[in-house]
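Please find below a short note on the model under review.

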Amino acid sequence: MDKRYIEENIFKFLMAVSGLLIISVLLLILGTIAYKGLPYLSWEMVTQPPQNGYYLGKGGGILNAILGSLYLTGGATVLALLISLPVTLYLNVYAKKDSVSVYVTRFVFDVLWGIPSIVYGAFGFTLMLFWGMQASLFAGIITVTFLILPIMTRSMDEIIRMVPGPLLDASYGLGATRWETAWKVVVRQALPGISTAVLMAFGRGIGDAASLIFTAGFTDALPSSLGRPAATLPLAIFFQFSSPVPQVQGRAYAAALILTLIILGVSFASRFLTKRFTRHIVR
Amino acid sequence: MLSSFVTIYARRLFVDRAAKRVLELVVVCSGLILLIIAGTLYFRSLPVHGQAHWGSLLMSREWHPSRGQFGFLPFIAGTLWVTGVAMVLAVPVCLLMAIYLVEYAPRFLREGINPLIDILAGIPSVVYGMWGVLVIVPFVKNYLAPWFGVSSSGYSIIAGGMVLAVMVVPGIIHITMEVLKSVPQELRDASLALGATKWQTIKNVVTRRAMPGMVAAIVLGLSRAFGETIAVLMVVGNVARVPGSIFDPAYPLPALIANNYGEMLSIPMYDAALLFAALILLLVVLYFNVVSRLILSGTKWSSYYYG
């Protein structure tokens, strides 16, 4: 056999090995979480806050962390949407195509995307001290907003960019202003993509722990006010996992399973929504 | 009648202009976030880096916060070791996988594997950390370290590197795939027409053309590994010493920041030192990102999947 094909076959073999390796690691991770978490998963876990003696293995659940995570990430997602939607509309409708300011803005958001969440956490913490606040739901929301803003903006931008130019021209031709075009044509046309970007940012935000260690605090109470600390799922997992009590550690596994399921659910929902919404757009 | 048309028209134009101003304001403010973050960290850490020379801070091994000695070398070394091990493990696998998916894989396989890689990208880092403690740490302790004839608690650089490697895989694969897809089909056709085999075409034409983009993908993965906190913190041991081998524990910069938030305010200058650590992280990651984005902005790609 030709030497050239021997080399090709060796590399094909290595490719198959890498593929199998990645898939089996993924299955191993999901399997480990499911295997460890399922026995501890119960109705009590998701419907009750921690009771007295919870951290010694007594009754209760992690409703505080589930609600805290949903409120916190939900608030941050709404705030980030309020910033990223105007930015992307400006970049794609108002600004001149290929101008320096557009390039620079996209570049800055790309770079912001790369900043580690612990740096956002440290930054959020100094902001918090500067305003004289305690670790609270509000401080957590602000920090996570910074974290997911670039993710949401850049993915939304990539999608609004795909809106065909002739569609905008048609709208202008009918006498619509740029604002009317942006709001009534571009947003409607890009709605599937916008919802995907929003859900993607939500999924990233809800799984992040490093930005919240300083800013959101932790409490066993259900989240009740913006000014109070709030429990979050990643931190609940982190704290319970380091406990020596097997029962508490087991709940960390169950909490990890819940968090993973929420994130996978969000990811599937975004695929599903994309399919549903695309029926109504102009191609 | 006519006047009402004029007022409606004027109102619509007014809304349009007002919207433009508001949007411009939002864009400028959000563009300034980067400067604000860097400035805040710089000035808040001034008590530490204002007195001592940057070089001596970064190169000193003496870490005694209560005595006011802040030497960052153990942490910087820890970060470099863990990141290096992760990249050595992840890069070959990622490149092979991306080349396979773009060049060889049938359509159904490519579309079937993409969602799986997305799942890998979506798993939160605390869950990766937990998996690391449950699977990787015992593996290193019971199998890998004895196999190399050393004893290790398992909480080590190699454990951190293995967990990190898995975490950077989805990002590197996605960007590498985008880069490979952007190589024009005509180049492949020309090479094949000259009698080259498929593999020769990939080796000598496709990867050569895609090289800058692939380097950028790796650098982006590197900068992500650099800042990863929780998962690494859980498996790497957190001992503030310059590590000697990959079976030693280490204490990377992000873990330093995350672990010490409690005492941060009780020891003088400690908060400034931790914010200085955050500043170092920010500057390194900024540098990596700017370089790789500049490379990538030449090729057509989307940052869409960079998890």
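1. A residue is called buried if 20 or more other C-beta atoms lie within 10 Å of its own, exposed if 12 or fewer, and partly exposed in between, with C-beta atoms placed from the backbone. On this definition, 46% of the 307 residues in chain B are buried.

2. The model is predicted: local features need pLDDT of at least 70 and side-chain atom pairs count only at pLDDT 80 or more, whereas totals for chains, interfaces and linings use all residues. Residues are numbered from 1 along each chain as its sequence is written, and chains are lettered from A and ligands numbered from 1 in the order in which they are written.

3. Chain B contains twelve helices and two strands (DSSP runs, numbered from the N terminus: H or I of at least four residues for helices, E of at least two for strands). Their order from the N terminus is α-α-α-β-β-α-α-α-α-α-α-α-α-α.

4. Chain B is more spread out than a compact globule, because its radius of gyration is 25 Å, well over the 19 Å that the globule rule gives for 307 residues. The radius is taken over C-alpha atoms, and the rule is 2.2 Å times the number of residues to the power 0.38. Along the principal axes, the C-alpha atoms of chain B fill a box of roughly 85 × 65 × 35 Å.

5. At the interface, 64 residues of chain A are in contact with 67 residues of chain B (contact: C-beta atoms, placed from the backbone, within 7 Å). On the side of chain A that touches chain B, α1(A) gives the most, with 19 residues.

Definitions and conventions. Two residues are in contact if their C-beta atoms, placed from the backbone, lie within 7 Å.
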